[in-house]
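Biologist: Hello! Could you take me through a close look at one part of this model, ring by ring and contact by contact?

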Amino acid sequence: MLTLDTRKIMKTFVSLKPEAVWSFKNVARSETTALTHSYHRYPAKFIPNIVEKLLNDFTKKGDLILDPFGGCGTTLVESKRLGRRSVCFDINPVAKFIAEVKVTPINPTKLNSEFEKLQSRLSKKKKVVSNYHLNNDRILYWFDKKTIKELDFVYSEIKKIKNKDIRKFFLCAFSHNLKNSSRWLMKSIKPTIDKDKNIPSVVKNLLKHSRSMIKKNTQFYSLLKTEGNLKTSAKVLLRDSTKKFSLKNNEVDLIITSPPYVTSYEYADLHQLSLLWFGNDKKDFKGWYKFSSNFTDFRKNFIGTSYKNKQKGEIGSQIGSNITDNLYSLDKALSKDVSNYFIDMNLAFREMHRVLKKGKHACIVIGNTELRGVAILNAEVATEQMLKVGFKNPRIIKREVGNKMITPWRDTNTGKFTSMRNPNKKHAYEYEYVLIMEK
Ligand SMILES: C[S@@+](CC[C@H](N)C(=O)[O-])C[C@H]1O[C@@H](n2cnc3c(N)ncnc32)[C@H](O)[C@@H]1O
C-alpha cells in the first residue's frame, strides 16, 4: 500500500512533459567534447550543458560545488571554467585519475616542448625496459605480446617526463588508448574479447590522442586565464559516498550529480585495463596495487553492482520497497541488487543533506529503467528518499536523453545493456529526470 504522499509523487511523475530547454538536442558534439571533456572515455558521463545550466541558475563565482559521484570530473571542469570551487568523490581510482588530469590546466608552451621531446624519443628503436607486464597473466589475457612490448616502451618514455602534471597528462592519453590496444571488444560495456580485432600502432595512437588533448588543454588554459580562474580549486577525492562525506555540515552551495545505475555498468570491470597496467606503478598510482590484486573485494563497494552481498539498511522509500518486493518473486538475486542500490543511495542522500547549506539546492540527474518487466522507478524512489531525509520544494524536470550512453539499448528479457543488433532490444533511457531539491 502506498501512502498519500507516495501516491502524490507517482502522480507528479506521470503528469510530467519533457522540457525542451533541458534536452540540449541541438547541441553539437564539438560542444559536448570541448575543453578537457574528451580526454578519456568514461561510461554515462553527463553532458556538460546540464551542469553549466545548473551552475548558472543556482550559483555565483566562488561558491562551493559538490559532486558525490564525480566520475571523470564533468562537474569539476564546468565549475572551474565558471570560477566556482568544487570537490568530487568517486570510489573508482581510475575516475579520480582522469578527473584530476582534466582539471589541471598546463602551460601550453611547456606542454608542447615536452611533447616534442617525447615524440622524438618515440621515433627511436623500441627497447623493452621491464618484464613486469609481459609476466602478468591478466595482462597477457588482454594484450598480445608484441603490443605489450610496444606499450611498455611508450609507457617507459612517458615516465621519463620530470614534471608530474605533464607526465600524468600523457599517462592519461596512454590510459585512454589501452582499450584500443587490447583485445577488448570496443563497443562492449562488458569485458568481452574481440577475436578479429586489428590492433593499431601504439605509438601512432598515443601521438594522435595526445595532439587532440594538447589542443583542448590550450583552449581550457586560455579560457581560465582570461576569466581569472586558473587557480580556482577543484578537489578530487577517492571516497565511498555511502560513508560520511569529508565535509562539514552546511558547507556546500550546490550539489550536482548523476548517481550510478543499478546492475548496468560494472565500473570496476570496465576500468580493469588501466588498473592492471598501472597497478605496479607506486610513483604515479600509489595504492593501485591493492585494487588490481584484490579486484573481487574492490568491485563489491560500487553502488549498483551485482557483486555485493545482501546488506541490511533502510530503503527509505515505499515505492522502492514495493519494487524490491515485486522483483523478489521473479528473481531473488536481482531483488537483492536493487535493494542494495536503494539502501546505498539513501545513505548518500542523507550525507548530501547534511553538507548542503540551508536554502541551497541538490540536483540529481537520474533515469528510470525496467528489469524483468518490473519498472525500476529510480527517480521516484530518489524523490521520496530525498524528501524523507529533509529536502523540500522538489522541482522535477523530465528531459529527453541525447548522446550520453555508450549503448542506448537494453535486452527486454534480461534488462541488461545490449547491442543495436539484438532483436529483443528496447530503448534504455529515452528520458531522464533532473530532481532539484532545496534544503
Ligand atoms: C553515472 S557515473 C557519474 C559520471 C559523471 N557524472 C561524469 O560525468 O563523469 C556514477 C559514478 O559513481 C561512482 N560510484 C559508484 N559507487 C560509488 C560509491 N560507493 N561512492 C562513490 N562513487 C561511486 C562510479 O565509479 C561512477 O563514476
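How many aromatic pairs does a search of the whole structure find?

Modeller: Happy to! The search finds 22 aromatic pairs across the whole structure, where rings of Phe, Tyr and Trp (its six-membered ring) pair if their centres lie within 6.5 Å. One of them joins Phe169 and Phe170, whose ring centres are 5.1 Å apart and whose planes meet at 85°, so this pair is edge-to-face (planes over 60 degrees apart; under 30 is stacked, the rest tilted). Phe169 is buried, at a relative accessible area of 1%, and Phe170 is buried too, at 0% (buried means under 20%, with a 1.4 Å probe and protein chains only). Ring pairs also link a cluster made of Phe97, Phe143, Tyr155, Phe174, Trp277, Phe278, Phe285 and Trp288.

A word on the basis: this is a predicted model, in which local features need pLDDT of at least 70 and side-chain atom pairs count only at pLDDT 80 or more, while totals for chains, interfaces and linings use all residues. Residues are numbered from 1 along each chain as its sequence is written, and side-chain values use heavy atoms, without hydrogens and water.

Now to the ligand. Around the ligand stand 23 residues (a heavy atom within 4 Å), and Tyr42, Thr74, Asp90, Ser241 and Ile303 are the closest. By type, this shell holds 12 nonpolar, seven polar and four charged residues. Tyr42 has a side-chain N or O atom 2.6 Å from an oxygen atom of the ligand. Of the 600 Å² of accessible area that the ligand has on its own, the protein covers 100% (Shrake-Rupley method, 1.4 Å probe).

Notes
Polar contact = N/O pair within 3.5 Å; in protein donor to acceptor, adjacent residues only side chain to side chain. Nonpolar A, V, L, I, M, F, W, Y, C, P; charged D, E, K, R; others polar. Buried < 20%, exposed > 50% of the residue type's maximum accessible area, 1.4 Å probe, protein only.
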